[in-house]
Each structure stands twice: as C-alpha cells, then as structure tokens.
Amino acid sequence: MQVLTSRHLVNCQFTVDRYQALKKLPKNSIIAEVGVLGGDLSQWFLDNLKPSEIHLIDLYNCADFPGRDRFTKKQHENFIHERFDTEIRTTQVKIKKGYSWKILGSYPAKYFDIIYIDAAHDYNSVRKDLEMSIQKIKDDGYIVMNDYIMYDHLAMSKYGVVEATNEFCIKNNWEFLYYAFHPNLFCDVVLRNIKD
C-alpha cells in the first residue's frame with residue numbers, strides 16, 4: 001500500500017464526528033451522495049447544507065440496517081422516492097439508479113461541489129468511484145470518503161477504502177482536509193486538491 005506523506009496531511013484537522021466535518025463544507029452546493037441506503041445522511045445534507053441539488057446515486061437493492069427494518073431489498077427504491085417526494089418534485093433531489101462510477105460518468109465535467117462516497121467498499125469499486133469523481137468535481141470541490149477503515153470488525157470483511165484513497169491522493173496531488181472520527185472508528189475523510 002502507498003503511504004501518504006506530510007504533504008497530504010499538513011492541513012488536516014480532526015473533528016469529533018463526520019457531521020462536524022461536513023458542517024464546514026459550503027452550503028447551496030451541488031452534491032452527489034454515492035451510496036444512500038435509507039437516506040439518513042441525505043436528509044442531514046438537506047437540513048444542514050441546503051444544497052441547490054443533491055443527486056442520490058445507488059443500486060437501490062439493499063435492505064435497511066438490522067434493527068431499523070424500515071424497508072426490504074425490494075422496497076428500497078420506493079422508500080427513498082417516498083421519503084424525498086417533496087424534494088424530488090421541486091427537483092432539489094434527483095434519484096439516480098445504477099453502478100456509481102457509471103452514473104457519475106454521465107455528468108458533465110466539473111459538475112459537483114461535493115461528492116460523498118459510501119457505495120461498495122472493496123478496493124476496485126472505491127478506485128473506480130474516485131477515478132470518475134476527479135473528473136466530475138470542481139477544481140475547488142471536496143470528495144468525502146466514508147468508512148476510511150481497512151477492516152470492518154463488525155461484519156468481518158476487508159475494506160479497500162484506505163488503500164484506494166491513499167493511492168488517489170498520491171497520484172492526483174490531493175490532501176486530507178478533515179479526519180472525522182465516528183463510532184467504532186468508521187471514520188470519514190474530507191479530501192481536496194492541494195493548493196500549490
């Protein structure tokens with residue numbers, strides 16, 4: 001695995017959780033949320049960052065978190081449509097179904113202010129999401145990586161988020177702006193282009 005240098009971390013600040021980091025990002029932005037599940041973070045974005053547009057990208061074929069049980073795998077897409085019905089009708093929320101990197105690829109270059117990546121967590125999927133995101137993010141935009149952790153100790157599965165994220169930053173000259181702690185160390189990192 002490639003190792004970050006001080007160049008990638010010199011401006012990094014720590015926050016107590018992801019919400020404290022996300023609050024520091026610009027309001028009235030165009031946001032892509034890549035991986036939506038029940039739309040809880042989508043609602044947080046709407047309430048706190050007041051995006052002009054938020055694009056909810058998912059395959060919409062997952063059941064809810066165990067214990068929440070708001071929807072089954074078959075009900076996933078309908079649940080999101082019902083939850084954001086008002087915002088969809090005003091075109092603030094746009095629902096996009098498909099593989100994240102393919103959906104991102106359908107947007108114009110430099111379209112988004114913020115891209116939040118929380119889809120598949122294996123290395124190849126995260127790498128493809130990042131490769132497409134760098135084409136679609138504005139020069140002064142932010143990419144946020146969810147679950148910056150190497151191993152999910154609850155589901156007992158390996159993640160590729162750390163490896164793909166570090167590789168991306170080294171290859172493309174990006175830096176960590178915020179490292180956001182979160183319960184069970186499922187941390188988020190906020191990335192931006194290094195200002196030379």
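Me: How many helices and strands does the chain have?

Reply: Helices (DSSP runs of H or I, at least four residues) and strands (E, at least two) are numbered from the N terminus, and the chain has 8 helices and 10 strands. The radius of gyration, taken over C-alpha atoms, is compared with a globule rule of 2.2 Å times the number of residues to the power 0.38; here the radius of gyration is 16 Å, close to the 16 Å that the rule gives for 196 residues, so the chain is as compact as a globular protein of that length. This is a predicted model, in which local features need pLDDT of at least 70 and side-chain atom pairs count only at pLDDT 80 or more, while totals for chains, interfaces and linings use all residues. Residues are numbered from 1 along each chain as its sequence is written, and side-chain values use heavy atoms, with hydrogens and water left out.

Me: Which residues of H3 are buried, and what covers them?

Reply: Buried means under 20% relative accessible area, exposed over 50%, and partly exposed in between (1.4 Å probe, protein chains only). In helix H3 (40-48), the buried residues are Leu41, Ser42, Trp44, Phe45 and Leu46, and their cover includes H2, E2, E3, helix H5 (85-89), strand E4 (93-97) and strand E5 (112-117). H3 is followed by Lys50, whose phi is positive, near 45°.

Me: What is the volume of the largest pocket, and which residues lie nearest its centre?

Reply: Rolling a probe the size of a water molecule over the atoms shows where empty space is left. On a 1 Å grid over the protein atoms alone, a cavity is a set of points where a 1.4 Å probe fits but cannot get out, whereas a pocket is an open set with protein on both sides within 12 Å along at least five of seven lines, and lining residues have an atom within 4 Å of a point. The largest pocket has a volume of about 1,100 Å³, the volume being the space filled by probe spheres set on points joined across faces, edges and corners. Its lining has 41 residues, of which Leu37, Phe65, Asp118, Asn146 and Asp147 lie nearest the centre, and H3 is one of the elements that supply at least two residues of this lining.

Me: How many cavities of 30 Å³ or more are found, and what lines the largest cavity?

Reply: The search of the whole structure finds 1 cavity of 30 Å³ or more. The largest cavity has a volume of about 40 Å³, and its lining residues include Asp118 and Asn146, together with Ile117, His121 and Met145.

Terms used:
Contact = heavy atoms within 4.5 Å.
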